[in-house]
Amino acid sequence: GAGSLTMVPYLDMCNTIPECTECLAFNIDQRCGIVQADRAYAPGEQVFISYGEKSSGEMLIVYGFVPSAETPNVHETVEITLRLQEGDPLYAPKAA
């Protein structure tokens with residue numbers, strides 16, 4: 001089900017591309033992982049999988065790699081912390 005973890009041998013050998021949608025499901029009744037293609041593939045064509053909508057930092061921590069420069073990560077995020085300066089003449093409206 002949603003949020004389930006499963007180990008699928010050899011699946012991590014597949015490459016990922018941003019255009020690929022989720023293709024791995026877990027069948028509770030049969031207690032197995034199911035790989036479902038996101039589109040029709042031609043014989044001999046490379047099959048891609050999705051690791052989900054994760055930033056490069058998450059990919060590195062969880063899977064041990066980051067997307068290559070040739071296939072930029074469309075789910076990239078950068079966390080920025082901003083503070084208002086109390087001496088700013090527009091502090092009150094900005095803080096509201």
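Start by selecting Ser 56. Its relative accessibility is 15%, so Ser 56 counts as buried, the cut-off for buried being under 20%. The model you are viewing is predicted.

**Stop 1: around Ser 56**

Ser 56 has its place in helix H1. Now show what else touches Ser 56. Setting aside neighbours within four places in sequence, the contacts of Ser 56 are Phe 65, Val 66, Pro 67, Asn 73 and Glu 76.

**Stop 2**

Select residues 56-63, which make up helix H1. Pick out Ile 61 within this helix. Is Ile 61 buried or exposed? Ile 61 counts as exposed, because its relative accessibility is 73% and the exposed class begins over 50%.

Next, select Leu 60, Ile 61, Val 62, Tyr 63 and Val 66 together. These residues make a nonpolar surface patch of about 500 Å².

**Stop 3: the salt bridges**

How many salt bridges does a search of the whole structure find? The search finds 2. Side chains of opposite charge can pair when their charged atoms come close.

Select Arg 39 and Glu 45. Their side chains meet in a salt bridge, with N to O at 2.9 Å. Colour both by accessibility. Arg 39 is partly exposed, at 40% relative accessible area. Glu 45 is partly exposed too, at 33%.

Move on to Lys 94 and Asp 88. Here the closest N and O atoms of the salt bridge are 2.6 Å apart. Lys 94 has 47% relative accessibility and counts as partly exposed. Asp 88 is also partly exposed, with a relative accessible area of 23%.

**Stop 4**

Select Ile 28. Where does Ile 28 sit? Look in the loop between strand S2 (24-27) and strand S3 (32-35). Ile 28 is exposed, with 55% relative accessible area.

Finish by drawing a line from the C-alpha atom of Ile 28 to that of Gln 85. The two residues are 57 residues apart along the chain. Their C-alpha atoms are separated by 54 Å.

Technical notes:
Residues numbered from 1 in each chain as written. Predicted model: local features only at pLDDT ≥ 70, side-chain atom pairs only at ≥ 80, totals over all residues. Heavy atoms only, no water. Salt bridge = Lys/Arg side-chain N within 4 Å of Asp/Glu carboxyl O. Buried < 20%, exposed > 50% of the residue type's maximum accessible area, 1.4 Å probe, protein only. Patch = residues over 30% accessible without salt bridge, like charges linked within 9 Å, V, L, I, M, F, W, Y side chains within 5 Å. Areas by Shrake-Rupley, 256 points an atom, 1.4 Å probe, with all protein chains shown as cover. Helix = DSSP H or I, 4+ residues; strand = E, 2+ residues; numbered from the N terminus. Contact = heavy atoms within 4.5 Å.
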